[in-house]
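Please go through the report below alongside the sequence and the model.

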Amino acid sequence: MSPRLRVAWRQSTLRIIRVHPPVPAPYDQHTVHAAPAHDPVRARAVVAGLSTVASVAEELEPVLRRDDTGPRYTDELDLVTVGCWGGIVQISDPAFGEDGVLSSNLDAAFTAQVAAHPEARITAVCEMYSAESYGKYLAQVPGLPRLSADGWDDQDTTGSLSELLRAAGLASPDSDEDDDPYIDAETLDPLAGGLHSVYAGENLLVSRFRVTRTEEVREALDDVWRED
């Protein structure tokens, strides 16, 4: 039997989160246990509509969200997880991974989600760790310009997180518009209902699917994840 091949990245965080109205208060370590139960029927509809998915080959057993740590081997690159907890939807897909040069699947998937759900607050996180680390962060609040930030050591940023937080009622109206923080999963967390954080002991479930890809998405996966 051939040995399983490890991916080129030691660790990754890859997710898009939609928060639909009526927007709940952001969850934290004390309140996350009160989140609505996961809806697997809705999750099946979500994964079938993803721009990174050609078809759903198999639905696997659900797993705890806190155990969904991203791909470690190349045979896990076609595993997609979806969590649906009331008005919050989380999508995790290795095809969202990139390094700033190879693949722009996250941008395309994010744009597709915004177009399909204009009423929702939508955020995306791509964090890739190896000898160095790369991050990309996207956010959209209805009616406002998109926030985009990415880079290795430094960030190229378009848009204002402070403006989005104020519009969503998550920051003081008189806060300094120029006082924008470094963008990462933590600073996007309020827009995502607190669920870019993963809490110790949380019991949120996600549905897990093995999917097929188009040739274009498959080539991007190989470029980003497979070691030379």
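## A buried glutamine

Gln90 counts as buried, at 2% relative accessibility. Buried means under 20% relative accessible area, exposed over 50%, and partly exposed in between (1.4 Å probe, protein chains only). Gln90 has its place in strand E4. Helices (H or I, at least four residues) and strands (E, at least two) are DSSP runs, numbered from the N terminus.

The side chains of Gln90 and Arg65 are joined by a polar contact of 2.9 Å. A polar contact is a pair of N or O atoms within 3.5 Å; within protein, one must be able to donate a hydrogen and the other to accept it, and residues adjacent in sequence count only if both atoms are side-chain atoms. Setting aside neighbours within four places in sequence, the contacts of Gln90 include Arg15, Ile17, Thr81, Trp85, Leu195 and Val206. Contact means heavy atoms within 4.5 Å.

## Basis of the values

This is a predicted model: local features need pLDDT of at least 70, side-chain atom pairs count only at pLDDT 80 or more, and totals for chains, interfaces and linings use all residues. Residues are numbered from 1 along each chain as its sequence is written, and side-chain values use heavy atoms, with hydrogens and water left out.

## The sheet

Nine strands form an open sheet with antiparallel pairing, in the order E2-E9-E3-E4-E1-E5-E6-E7-E8. E2 and strand E8 (156–158) stand at the edges with a single partner strand each, so one side of each has no neighbour in the sheet. The twist averages 15 degrees from one strand to the next. Two strands pair if DSSP finds at least two bridges between them.

Which strand is largely enclosed by the rest of the structure? E6 is, because seven of its eight residues are buried. E6 pairs with E5 in the antiparallel sense over eight bridges. The two form a hairpin with three residues between them, and Tyr129 has Ser133 in E6 as its bridge partner. E6 (residues 133–140) also pairs with E7 (residues 147–151), antiparallel, over five bridges. Here Leu138 has Ser148 in E7 as its bridge partner. The E6 and E7 hairpin has six residues between the strands, and Gly143 in the turn has a positive phi of about 90 degrees.

## The helices

H1 lies across E1, E2, E3, E4 and E9, and runs at about 130 degrees to E3. Axes are lines fitted to C-alpha atoms, for helices over the stretch in contact, and angles run from 0 to 180 degrees between N-to-C directions.

In H5 (residues 215–225), Val217, Ala220, Leu221, Val224 and Trp225 are buried. Seen down the H5 axis, the buried residues fall within an arc of 105 degrees, so they line one face of the helix. The arc is that of the directions from the helix axis to the C-beta atoms. Glu215 and Glu216 are exposed on the other side of H5. Strand E1 (11–19), helix H2 (105–116) and strand E5 (121–129) are among what covers the buried residues of H5.

## Loops and cysteines

Thr52 is found in the loop between H1 (40–48) and E2 (55–64). Thr52 is buried, at 2% relative accessible area. Beyond its neighbours within four places in sequence, Thr52 is in contact with residues including Asp93, Phe96, Asn105, Arg213 and Val217. Pro22 is found in the loop between E1 and H1. The peptide bond from Pro21 to Pro22 is cis, with omega near -5 degrees.

How many disulfides does the structure hold? It holds zero. A disulfide is a pair of cysteine sulfur atoms within 2.5 Å. Cys84 is buried at 1% relative accessible area, and Cys126 is buried at 0% relative accessibility.
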